[in-house]
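Subject: Structure handover

Hello,

Please find the structure below. Open it alongside this email and follow along as you read.

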Amino acid sequence: MSGYIPLHCHSSFSFHAGVPSVSELVARCKHLGMSAAALTDTDRVSGLILFYTECLRQGIKPILGVELTDPGPSGQRVDAAGVTGKTRVVALARNADGYGDLCQLTTRRHLEAASFRLGEELTRSWPNLILLTADPSMLRTLARGANRERLYGELVHHCERTRRRSAQLQLVAGALEVPLVASNDAFFLQREDWETHRILTAIGLNSPLSRLQQGELASER
């Protein structure tokens, strides 16, 4: 596992979806022999400083990031982990200025939600960020923007739904000549933690467990 670097990981700062604490996440990466890891909580950078210091303490290179989403229509039933609903882009900082850009984008995402449009924001020049998206339509949009040289299609193979999406993404990326990366979009560390993720998701959606819909949860695998 030492050659693999996870670029799309969530901690408990991905509210109502992420299970592990920052220290648990870093410890798991260390245990698996990973030399680096990225923290990409959904629309939040709250855990990044803690993640940075914990990675340095445990001897892992920290990659600071965030998973940005398009604000959905009022009342839209979408959780932090669902593969349906909101469009998502992972932004990774290339340097200290990139961390400032992450803070700026997430602040605007929350304070200007009524006017914030992810595609419009990320077609502007952000030279200190690397962008990943698993959404074929968003990949087309970003490939026309100023960050094409730092853009990657993100392959996620959790379940049949994500496999179909990744197959479509691969075709789009090939036509656009955009490189691909494989990520895991991880919300928990052990398979038995999936039930906690399921409960958190139900709380976030104010829904009984029995009424959770397909695509609102991360895959059990």
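Here is what was found, topic by topic.

**Ground rules**

This is a predicted model, so local features need pLDDT of at least 70 and side-chain atom pairs count only at pLDDT 80 or more, while totals for chains, interfaces and linings use all residues. Residues are numbered from 1 along each chain as its sequence is written, and side-chain values use heavy atoms, with hydrogens and water left out.

**The sheet**

Helices (H or I, at least four residues) and strands (E, at least two) are DSSP runs, numbered from the N terminus. Two strands pair if DSSP finds at least two bridges between them.

- Strand 1 and strand 2 run parallel, joined by four bridges. Here A37 stands opposite P62 in strand 2.
- Strand 2 and strand 3 run antiparallel, with five bridges between them. E67 has V90 in strand 3 as its bridge partner.
- Strand 3 and strand 4 are antiparallel too, over four bridges. A93 stands opposite L129 in strand 4.
- Strand 4 (residues 129–133) and strand 5 (residues 151–155) run parallel, joined by three bridges. T133 has G153 in strand 5 as its bridge partner.

**Buried or exposed**

Buried means under 20% relative accessible area, exposed means over 50%, and partly exposed is in between (1.4 Å probe, protein chains only).

Which strands are largely enclosed by the rest of the structure? Strand 2 is one, because eight of its nine residues are buried. Strand 3 is another, because six of its six residues are buried. Both faces of strand 3 are covered. R88, V90 and L92 are buried on one side, and V89, A91 and A93 on the other.

T40 is found in the loop between strand 1 and helix 2. It counts as buried because its relative accessibility is 0%. Leaving out residues up to four places away in sequence, T40 touches L7, H8, C9, H10, G65, V66, E67, V90 and L92.

**Toward the chain ends**

G3 lies in the segment before helix 1 (22–31). G3 counts as exposed, at 74% relative accessibility. G3 and M34 are 31 residues apart in sequence, but 6.9 Å apart in space, C-alpha to C-alpha.

L209 lies in the segment after helix 7 (194–205). At 32% relative accessibility, L209 is partly exposed. Leaving out residues up to four places away in sequence, L209 touches E195, R198, I199 and A202. The C-alpha atoms of L209 and I199 are separated by 7.0 Å.

**Positive phi**

Most residues other than glycine have a negative phi. H16 has a positive phi of about 60 degrees, although it is not a glycine. H16 sits in the segment before helix 1 and is partly exposed, with a relative accessible area of 40%. N206 also has a positive phi, of about 50 degrees, and is not a glycine. N206 is in the segment after helix 7 and is exposed, at 73%.

**The largest pocket**

A pocket is an open set of points on a 1 Å grid over the protein atoms alone, where a 1.4 Å probe fits, with protein on both sides within 12 Å along at least five of seven lines; lining residues have an atom within 4 Å of a point. Grid points are joined across faces, edges and corners, and a volume is the space filled by probe spheres set on the points.

The largest pocket has a volume of about 450 Å³. It is lined by 25 residues. L32, N184, A186, F188 and L189 lie nearest its centre. The lining divides into 14 nonpolar, six polar and five charged residues. Ala, Val, Leu, Ile, Met, Phe, Trp, Tyr, Cys and Pro count as nonpolar, Asp, Glu, Lys and Arg as charged, and the others, Gly among them, as polar.

Best wishes

Terms used. Contact means heavy atoms within 4.5 Å.
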